[in-house]
Amino acid sequence: MSVSSARSTSDSDDEFFLDMLFHLPRPRLFRDRINPLEEFDDLDFKCRFRLSKETFGVLMHLIVEYVKHGTKRNVALSPEVQVLITLRYYATGTFQAVIGDHIRVNKSTVCRTIKRVSTAIALLCPQFINMPQNAHERSIVSTGFYKIRNFPRVIGAIDCTHIRIQSPNSDIGERFRNRKGWPGSVHDSTIFDNSLVRAKFENHEYGNNVFLIGDGGYPCRNYLMTPLLNTRTPAEENYQRAHISTRNVVERVFGVWKRRFPVLAVGIRTKLSTSMKTIVATAVLYNILLQQRDEMPHNEEPIRPEFLHELNANPIRQTGNLVRSQLINSVFS
C-alpha cells in the first residue's frame, strides 16, 4: 500500500470517529451539591431561605413523606435539598436556572422540584389556613381584634391583594386586567360572594352576632361591617376610626407576606397550576412562621390601607346598614 493511500484511510477513520463522538448523547454531570444547612449560620440561612433552621426542621417533618423519592437512582435529590430549592425560589422569584446554579442542579430539575414541593406544602392548607372552628377559638380571635381599637365581635378581616403571574395565554391577557390597570379582572366582592366563607356566614356556621370587617369594596351585610361613606356624628367618627385601625391588620399581613416571599411581588413565572400552588404554599408557610414565632431579622413596615368606593345598595346591604347603625349607637356613642 502506498503512503498516500494509507494516510487517506487514516483520515477517513478519524473523521468517522469524530462524527460518531459528535452525535453521542450529552453525558450527565453530577455536580457536588452544597449543603446550606452546614454552609450558613442561622442568620445567613434565614436571610436566604426566609425561615430559621428550626422552622425548616418543622416543615420537613410535615412534608417529608410527600417529597422523598422512592429510589436513589441517578443521585435523586434528597427531601431537604428539594425543599431548599423551593424556598430559595420563594425568597427570590428569580429564574429557575439561577436557582439551579445556586444549588447545583439543572433547570428542569428545579422546575419539577418547585411543583412537587409547592404541592406538598399546599396540601397543609386545611391545617394552617382556616377560620376559628368553635366558640372558644372565636372568643380568642375576637378578643385579639378587640384589643386593637375596641371593635367588638370581629373574627376576621377581609381584603384582596394582587399577585403578578405569567400570562396563561398571550391572546387572553386583557381578560385579566383589573380596575387599577393591573392584570386581574375579578372584583373583591365577587370573589367573596363565590367563597365558602360567605356561605358559612349566611348559614350561621360561625354563630350569631360575629363579624367580618372589610373595606368599601364589599357590601355592608349583617355579618360584614364596612366603613361609612360619610360621618355625621361623634359616634360614627368613633366607629370609623375603630374600623380603620382594626381592618388595617389584613393590609399589614399582605405586606409582610409579600416581603417574606418576594416571588409574590416580583411575579411568578410558572404554569398557572404551579403558580396557584405557590401562592397557597407561601400562605401556609406564613402561618407556620407565625406559629413558630419565626420573624425576619429586620423590621417590617406596615402598608397603609386603601379605601375603595362603596357599591350600590341592595336588600342584603340594607340589612347590613341597619346592623351597622345599631352597632354604632350601642358601642361607639
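Visitor: Which residues of helix 3 (residues 42-49) are buried?

Guide: This is a predicted model, by the way. In helix 3, the buried residues are Phe45, Lys46 and Phe49.

Visitor: What makes those buried residues line one face of helix 3?

Guide: Look down the axis of helix 3: the buried residues fall within an arc of 95 degrees, so they line one face of the helix. There's a general idea behind that too: an α-helix has 3.6 residues a turn, so residues three or four places apart point the same way.

Visitor: What happens at the two ends of helix 3?

Guide: At the start, a side-chain oxygen of aspartate 41 comes to within 3.2 Å of the backbone nitrogen of leucine 43. After helix 3 comes arginine 50, with a positive phi near 70 degrees.

Visitor: Why are helix 3 and helix 5 (residues 79-92) called roughly perpendicular?

Guide: Helix 3 and helix 5 pack at about 65 degrees, with their axes 7 Å apart. The label covers angles from 65 to 115 degrees, and therefore the two helices count as roughly perpendicular to each other.

Visitor: Which residues make that contact?

Guide: Helix 3 brings Phe45, Arg48 and Phe49, while helix 5 brings Leu84, Leu87, Arg88 and Ala91. By class, that's 5 nonpolar, no polar and 2 charged residues. Phe45 and Phe49 are also among the buried residues of helix 3.

Visitor: And how do you know how helix 12 (residues 234-260) lies against helix 14 (residues 272-292)?

Guide: Their axes come within 10 Å and cross at roughly 105 degrees. On the helix 12 side, the contact is made by Val253, Val256, Trp257 and Arg260; on the helix 14 side, by Ile279, Thr282, Ala283, Tyr286 and Leu289.

Visitor: How many residues of each class are in the contact of helix 12 with helix 14?

Guide: You'll find 7 nonpolar, 1 polar and 1 charged.

Visitor: Is histidine 243 buried or exposed, and how do you know?

Guide: Histidine 243 sits in helix 12. Buried means under 20% relative accessible area, and histidine 243 is at 1%, so buried is the word for this residue. Leaving aside residues up to four places away in sequence, histidine 243 touches Phe151, Ile213, Gly214, Met225, Thr226 and Pro227.

Visitor: Where is proline 227?

Guide: Proline 227 is in the loop between strand 3 (224-225) and helix 12. The relative accessible area of proline 227 is 7%, so this residue counts as buried as well.

Visitor: What makes asparagine 208 count as buried or exposed?

Guide: Exposed means over 50%. Asparagine 208 has a relative accessibility of 54%, so it counts as exposed. Its place is the loop between helix 11 (196-202) and strand 2 (211-214). The side chain of asparagine 208 is joined to that of histidine 204 by a polar contact of 3.1 Å. Asparagine 208 is also 9.8 Å from asparagine 222, C-alpha to C-alpha, at 14 residues apart in sequence.

Visitor: How many helices and strands does the chain have?

Guide: The chain has 15 helices and 3 strands. Of its 333 residues, 38% count as buried. Among contacts with a separation of 6 or more, 71% come from residues 24 or more positions apart.

Terms used
Residues are numbered from 1 along each chain as its sequence is written. This is a predicted model: local features need pLDDT of at least 70, side-chain atom pairs count only at pLDDT 80 or more; totals for chains, interfaces and linings use all residues. Side-chain values use heavy atoms; hydrogens and water are left out. Axes are lines fitted to C-alpha atoms, for helices over the stretch in contact, and angles run from 0 to 180 degrees between N-to-C directions. Helices (H or I, at least four residues) and strands (E, at least two) are DSSP runs, numbered from the N terminus. Contact means heavy atoms within 4.5 Å. Ala, Val, Leu, Ile, Met, Phe, Trp, Tyr, Cys and Pro count as nonpolar, Asp, Glu, Lys and Arg as charged, and the others, Gly among them, as polar. Buried means under 20% relative accessible area, exposed over 50%, partly exposed in between (1.4 Å probe, protein chains only). The arc is that of the directions from the helix axis to the C-beta atoms. A polar contact is a pair of N or O atoms within 3.5 Å; within protein, one must be able to donate a hydrogen and the other to accept it, and residues adjacent in sequence count only if both atoms are side-chain atoms. Angles under 35 degrees count as roughly parallel, over 145 as roughly antiparallel, 65 to 115 as roughly perpendicular and the rest as oblique.
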